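Have the structure open as you read.

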Amino acid sequence: MKRRRKKRIPMNRSQMMQAVHSENTKPEVMVRRSLFKAGFRYKLHRHDLPGSPDLFILKYGVAVFVNGCFWHQHGCKFTSRPKSNPEFWNEKFMNNVVRDTKTNWALSLQGYRVATVWECSIKNDFEHTMELLKTFIKSDEETIEI
Ligand SMILES: [Zn+2]
């Protein structure tokens, strides 16, 4: 599980390495490899863009987020809620969901297109998920959630 979006505080080198490491989740790496194989070139974790997208495909102006269903409260079967401390978690999850919405808006306002890929889609049918994502990237659609 990852906590992708952090407060913008200056980090020293080793903190930076840790932060980068925690961003490279397995589903994220799978998506990345598949896109690279298909010829797409991207930048990772552009901290200068809203929400620091997991991937940013410059040629198409597409930001890709690979979202963990738990942290981003997808509402699927992987979206369990911890039993202890419900208030803490409710607030935390609410903040995450609100932040995601704001991030998507901010990117759209800057003229970028946004793809949200859920962890469960990757687990359920990786090939199909990637087909949808690749088709979206080359399209002129504004946004997609897979
Ligand atoms: Zn899900």
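Which residue of S4 does Val66 stand opposite? Val66 faces Val117 there. A word on ground rules: the model is predicted, so local features need pLDDT of at least 70 and side-chain atom pairs count only at pLDDT 80 or more, while totals for chains, interfaces and linings use all residues. Numbering starts from 1 along each chain as its sequence is written.

**Overall layout**

The protein chain has five helices and five strands, where helices (H or I, at least four residues) and strands (E, at least two) are DSSP runs numbered from the N terminus. Along the sequence the pattern reads α-α-β-β-β-α-β-α-α-β. Of the 146 residues, 27% are buried, meaning that 20 or more other C-beta atoms lie within 10 Å of the residue's own, with C-beta atoms placed from the backbone (12 or fewer is exposed, in between is partly exposed). Among contacts with a separation of 6 or more, 57% come from residues 24 or more positions apart; a contact here is two C-beta atoms, placed from the backbone, within 7 Å.

**The sheet**

The five strands make an open sheet with mixed pairing, in the order S1-S2-S3-S4-S5. Strand S1 (43–44) and strand S5 (143–145) sit at the edges with a single partner strand each, so one side of each has no neighbour in the sheet. Strands count as paired if DSSP finds at least two bridges between them. Here is how S3 pairs up:

| Strands | Sense | Bridges |
|---|---|---|
| S2 and S3 | antiparallel | three bridges |
| S3 and S4 | parallel | six bridges |

To get from S3 to S4, the chain goes through helix H3 (residues 86–109) in a right-handed β-α-β crossover (with the strands pointing away from the viewer, the path from the first strand over the helix to the second runs clockwise).

**What covers S3**

How many of the six residues of S3 are buried? Six of six. In a regular strand, side chains alternate between the two faces of the sheet. In S3 both faces are covered: Val62, Val64 and Val66 are buried on one side, and Ala63, Phe65 and Asn67 on the other.

Take Ala115: beyond its neighbours within four places in sequence, Ala115 contacts Val62, Val64, Leu133, Phe136 and Ile144.

**A closer look at H3**

H3 has 24 residues and reaches 34 Å from its first C-alpha to its last, close to the 34 Å expected at 1.5 Å a residue (1.5 Å times one less than the number of residues). Its buried residues are Asp100, Thr103, Asn104 and Leu107, and their cover includes S3, S4 and S5. Just after H3, Gly111 has a positive phi of about 90°.
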